[in-house]
Amino acid sequence: MDGNEVSLSIEHVTKTFPRTGGDELVALENIDIQVKDGEFVCILGPSGCGKTTLLRIIAGLESKTSGTMSLRGKDISEPGSDRGMVFQEFALFPWRTVRRNVEFGLEVKGVPPEERKKVSQKYIDLVGLKGFEDSHPNQLSGGMKQRVGIARALANEPAILLMDEPFGALDAQTRNQMQKELLRIWQETKKTIIFITHSVDEAVFLADRVIVLTTRPGKVKTIHQIELPRPRDRASQDFINLRKTILDELEQQRQGV
Ligand SMILES: Nc1ncnc2c1ncn2[C@@H]1O[C@H](COP(=O)(O)OP(=O)(O)OP(=O)(O)O)[C@@H](O)[C@H]1O
Ligand SMILES: [Mg+2]
């Protein structure tokens, strides 16, 4: 598949949740997004606009109310190993070692131990955790825990990585470090990535394309193609200008303009 083929196709997707009392809450309205194979897309939007809901629908953890969604031409209706999810709160199994956390999905799939070990070692090395295979999550820093989360998602060899504010719980320095690491991993694995964040700075640093959603119900407000050369320089005038444009847009959303 070449770099221009559509990987993820989201068409007219709407999601409503029932509310007590009989009315309903419209979380997402008529979302249309086409993501190319190998593309890095960041999604920004005010709190409660439906970002996590959208990611959960892509992951197959939540149903959509209407519209269509497909990955590499295949309808999405349930979870599958073609999609790997990385959560903000790490969501690791505390009683499992790093290796056994990374191998979890492979165990579920019934992959034999020898093969599991080969695959988990590959991704443990890729995320820079060599030497920590036998540690437990409580022996790791926040950044290291999130590396385990990324390795675990990659171990299933998904077509697409779904990341919901994965670096939100990290201090600023670790966060910047993890952004660079993620870009390296992205370039090495050529995965498609959908990355949700509250940080405009993070989105402009990482993404090929930034999609801004409106206040709930979430609709696509604007799409910014980020043409800045990589590695990106946060101090460059182009970076600063772009960050300001998107920050202003989000501020308008907050004020309901
Ligand atoms: N399972 C659910 N049942 C009912 N309502 C829900 C459910 N999940 C989400 N919602 C509602 O849908 C809306 C969107 O929620 P969602 O978590 O997707 O927002 P978000 O954009 O991820 O917000 P944040 O930036 O704060 O993480 C919210 O109003 C929320 O209350
Ligand atoms: Mg959320």
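**Around ligand 1**

Tutor: Let's begin with K51: one of its polar side-chain atoms is 2.7 Å from an oxygen atom of ligand 1. Before we go on, this is a predicted model, in which local features need pLDDT of at least 70 and side-chain atom pairs count only at pLDDT 80 or more, while totals for chains, interfaces and linings use all residues. Residues are numbered from 1 along each chain as its sequence is written, chains are lettered from A and ligands numbered from 1 in the order in which they are written, and side-chain values use heavy atoms, with hydrogens and water left out.

G48 approaches an oxygen atom of ligand 1 with a backbone N or O atom, at 2.8 Å. H198 uses a polar side-chain atom instead, 3.0 Å from an oxygen atom of ligand 1. Pairs like these are polar contacts (N or O atoms within 3.5 Å; within protein, one must be able to donate a hydrogen and the other to accept it, and residues adjacent in sequence count only if both atoms are side-chain atoms). In total, 13 residues surround ligand 1, with S47, G48, K51, T52 and T53 the closest; a residue counts here if one of its heavy atoms lies within 4 Å.

Now let's step out to the whole protein. An automatic or database assignment sets the domain bounds, giving domain 1 (1–75 + 160–257) and domain 2 (83–157). Their centres, taken over C-alpha atoms, are 24 Å apart. Where they meet, domain 1 brings 26 residues and domain 2 brings 17, with contact meaning heavy atoms within 4.5 Å.

About 1800 Å² is buried between the two domains, and carbon and sulfur atoms give 68% of that. Buried area is the accessible area (1.4 Å probe) that two parts lose on being put together, summed over both. On the domain 1 side, L161, M178 and I185 supply 23% of what this domain buries against domain 2, more than any other three residues.

What else links the domains? There are 10 residue pairs in polar contact between domain 1 and domain 2, both residues being at pLDDT 80 or more. Three elements, α1 (51–59), β7 (160–164) and α6 (172–189), each supply at least two residues of the domain 1 side. Helix α6 has the largest share, 8 residues. Helices (H or I, at least four residues) and strands (E, at least two) are DSSP runs, numbered from the N terminus.

The rule also finds 1 salt bridge across this interface. By that rule, a side-chain nitrogen of Lys or Arg lies within 4 Å of a carboxyl oxygen of Asp or Glu. The side chains of E181 and R147 form a salt bridge, with N and O 3.0 Å apart. The count comes to 22 salt bridges by this rule. Among them is the one between E107 and R96, whose closest N and O atoms are 2.9 Å apart. That pair ties together parts 11 residues apart in sequence, because E107 lies in helix α3 (residues 104–108) and R96 in the loop between β6 (83–86) and α2 (98–102).

Finally, some backbone details. Most residues other than glycine have a negative phi, and most peptide bonds are trans. R72, in the loop between β4 (66–71) and β5 (74–75), has a positive phi near 45°. The peptide bond from R216 to P217 is cis, with omega near -5°, and P217 sits in the loop between β9 (209–213) and β10 (220–225). R230 and P231 are also joined by a cis peptide bond, with omega about -5°; P231 belongs to the loop between β10 and α8 (237–254).
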